[in-house]
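Q: Please take a close look at one part of this model, and keep to what the coordinates give.

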Amino acid sequence: MKHDPYISFLTSIQWGIDDTPPPDVAQADWLLEQGSMTRRFEQHCRQVTIHRCREGYVPASAIGREMALLPACDSYWLREVILYGDGKPWLAGRTLIAASDLVGAEWALTSLGDQPLGKWLFRGDVPVRDYIQLGKMNSLWARRSCFRPSGKSLLLTELFLPDAPLYR
Ligand code: PHB
């Protein structure tokens with residue numbers, strides 16, 4: 001698919017933005033959104049769709065520095081998607097969870113298909129989120145969060161693409 005190159009940006013984000021200008025107020029409001037980003041996007045278009053670029057198990061050696069943010073494990077479930085608002089690429093998303101955490105309700109993460117992650121993550125009470133860290137990839141904003149569904153650790157990285165409403 002033609003927007004897949006954005007996926008490679010997800011591992012080139014500069015985390016911690018101490019030496020760059022902070023986001024303006026409207027952008028910060030997007031970046032610090034505590035609820036479902038899919039739901040928020042849905043208020044700005046008719047239809048949100050997901051294209052899965054990569055999904056499956058990867059060995060620990062394939063995830064690099066992110067391993068420090070997750071429980072140690074031999075393998076991790078990786079999901080990388082492009083989210084579209086009315087056919088325009090708005091966000092690149094990358095989810096990582098240790099294979100050992102894919103038990104109980106979390107097993108459902110392996111069969112989301114083209115359903116947005118948020119539909120699962122925000123299906124009940126607001127999930128516990130340990131932090132939101134901001135980052136940049138050139139002029140694009142990114143954020144990452146560690147969610148703690150049932151005490152497990154799910155690392156979600158989101159890169160806001162040029163057509164995303166937060167740049168308007
Ligand atoms: C996903 O379905 O993997 C997904 C959806 C929306 C996001 C991030 C990830 O904001």
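How many bridges join strand 6 (residues 140-147) to strand 7 (residues 154-160), and in which sense do these strands run?

A: Six bridges join strand 6 to strand 7, and the two strands run antiparallel. The model is predicted: local features need pLDDT of at least 70 and side-chain atom pairs pLDDT 80 or more, while totals for chains, interfaces and linings use all residues. Residues are numbered from 1 along each chain as its sequence is written, and side-chain values use heavy atoms, without hydrogens or water.

Within this pair, alanine 142 has leucine 159 of strand 7 as its bridge partner. Both strands belong to an open sheet of seven, ordered 1-5-6-7-4-3-2, with antiparallel pairing (pairs need at least two DSSP bridges). Strands are DSSP runs of E with at least two residues, and helices are runs of H or I with at least four, numbered from the N terminus.

Strand 7 also takes part in the ligand site. Together with helix 3 (37-42) and strand 3 (75-85), strand 7 supplies at least two residues each to the shell around the ligand; strand 3 gives the most, with three residues. The residues around the ligand (a heavy atom within 4 Å) include Leu156, Glu158, Met37, Thr38, Val81 and Leu83. By class, the shell holds eight nonpolar residues, one polar and two charged (Asp, Glu, Lys and Arg count as charged; Ala, Val, Leu, Ile, Met, Phe, Trp, Tyr, Cys and Pro as nonpolar; the others, Gly among them, as polar).

A polar side-chain atom of glutamate 158 lies 2.4 Å from one oxygen atom of the ligand. For arginine 79, a polar side-chain atom is 2.8 Å from a ligand oxygen atom. Leucine 117 instead uses a backbone N or O atom, at 2.8 Å.

Key: A polar contact is a pair of N or O atoms within 3.5 Å; within protein, one must be able to donate a hydrogen and the other to accept it, and residues adjacent in sequence count only if both atoms are side-chain atoms.
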